[in-house]
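Good morning, colleagues. Please look at the sequence and the structure on the screen while I speak.

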Amino acid sequence: MTAPAIRARELQKSYGDVQALDGLSLTVEAGEFFGLLGPNGAGKTTFINALVGLVRADGGEATVFGADVEADYREARDRIGLAPQEYNVDRFFPIIEVLEHKAGYHGVGRDEARERAEEALKTVGIWDKRDTRFDWLSGGMKRRFMLARALVSDPDLLILDEPTAGVDVELRRDLWELITDLNDEGTTILLTTHYIEEAERLCDRVAIMDSGRKVEVATPEELRDRGTDTLEFELADPPATAPALDVDGIHRITMEGDRLLVTAAGGSQAAPAVMRQLERAGHTVASLDIRRASLEEVFVDMTRTGDDEAAVQTEVEA
């Protein structure tokens with residue numbers, strides 16, 4: 001049986017009074033495209049840093065394809081390509097030389113390192129900038145280069161920490177296509193992102209983190225199914241006030257003009273029962289539209305708490 005790409009068990013990490021990881025347990029299977037979502041301070045970057053050896057966990061354990069990230073550091077690290085959110089690049093050499101040096105750190109010989117550097121730059125579409133220093137690249141090209149640097153070691157696990165932060169829509173979609181192709185070819189992807197659309201479009205499964213813990217792991221579709229949908233009924237003879245309905249999962253019933261709005265958990269499952277009750281009460285349904293809960297709404301519901309609920313909702317609506 002193939003070992004999971006990532007297996008974390010009860011990981012703990014604190015910085016003074018801040019508990020960055022609080023018993024995090026998580027498994028990513030080989031070949032998955034796995035998303036990691038959470039508000040700022042949720043522990044996502046600390047988790048990544050623990051995997052690549054930049055921080056040492058206070059407790060628990062983590063493995064990459066079966067290699068312990070501390071006891072078998074070299075083996076684990078050689079399986080990982082990391083594109084961090086922050087730029088940590090040698091700025092004094094042409095970018096092709098930076099990639100050659102990076103490959104060399106992983107034990108790749110000089111000739112092969114050159115070939116890998118060339119291939120990585122061509123893959124991300126900046127081969128024509130090979131003799132340019134990093135500081136002279138545009139913002140979008142810098143993002144492409146960070147991906148090239150992660151790829152030059154030919155990793156089995158590619159970790160992307162906010163890879164499309166601050167890039168334009170066209171570049172974001174180009175990067176989506178690149179990393180989707182890599183996943184289709186067998187590379188396991190771990191992606192952290194604040195773009196909910198990105199997680200919905202790309203990921204096989206998503207883990208939602210908060211306060212250093214795993215809140216939930218599911219497919220994007222499964223998470224949306226747990227959200228609150230809105231059933232919008234057009235009634236042939238709309239009543240002045242909303243009718244009473246006795247259906248499990250209903251949160252709210254309102255009239256907006258000639259339309260009846262029913263907010264319910266798992267709205268598509270509740271729709272037939274609502275229609276039957278409306279018909280028994282003498283109402284004729286002319287049309288029905290179901291507005292599914294978005295992954296963003298589910299994410300907010302799972303991670304907000306009392307004091308910040310209003311602030312988070314304001315941010316999402318903006």
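Predicted model: local features only at pLDDT ≥ 70, side-chain atom pairs only at ≥ 80, totals over all residues.

Residues are numbered from 1 along each chain as its sequence is written, and side-chain values use heavy atoms, with hydrogens and water left out.

The protein chain contains 11 helices and 14 strands; these are DSSP runs numbered from the N terminus, with helices (H or I) of at least four residues and strands (E) of at least two. Along the principal axes, its C-alpha atoms fill a box of roughly 80 × 45 × 40 Å. Of the 318 residues, 47% are buried, where buried means under 20% relative accessible area, exposed over 50%, and partly exposed in between, with a 1.4 Å probe and protein chains only.

Which residues lie closest to the centre of the largest pocket? Among its 23 lining residues, they are Arg 77, Leu 82, Asn 88, Lys 102 and Arg 149. Helix 1 (44–52), helix 2 (73–78), helix 3 (95–105) and helix 5 (139–151) each supply at least two residues of that lining.

Finally, I turn to backbone angles. Most residues other than glycine have a negative phi. Asp 154, however, has a positive phi near 55°; this residue lies in the loop between helix 5 and strand 7 (157–161), and it is exposed because its relative accessibility is 54%. Ser 211 also has a positive phi, near 55°, and sits in the loop between strand 9 (205–210) and strand 10 (213–218). At 39% relative accessibility, Ser 211 counts as partly exposed.

Notes. 1 Å grid on protein atoms, 1.4 Å probe; cavity = no way out; pocket = protein on both sides within 12 Å on 5 of 7 lines; lining within 4 Å.
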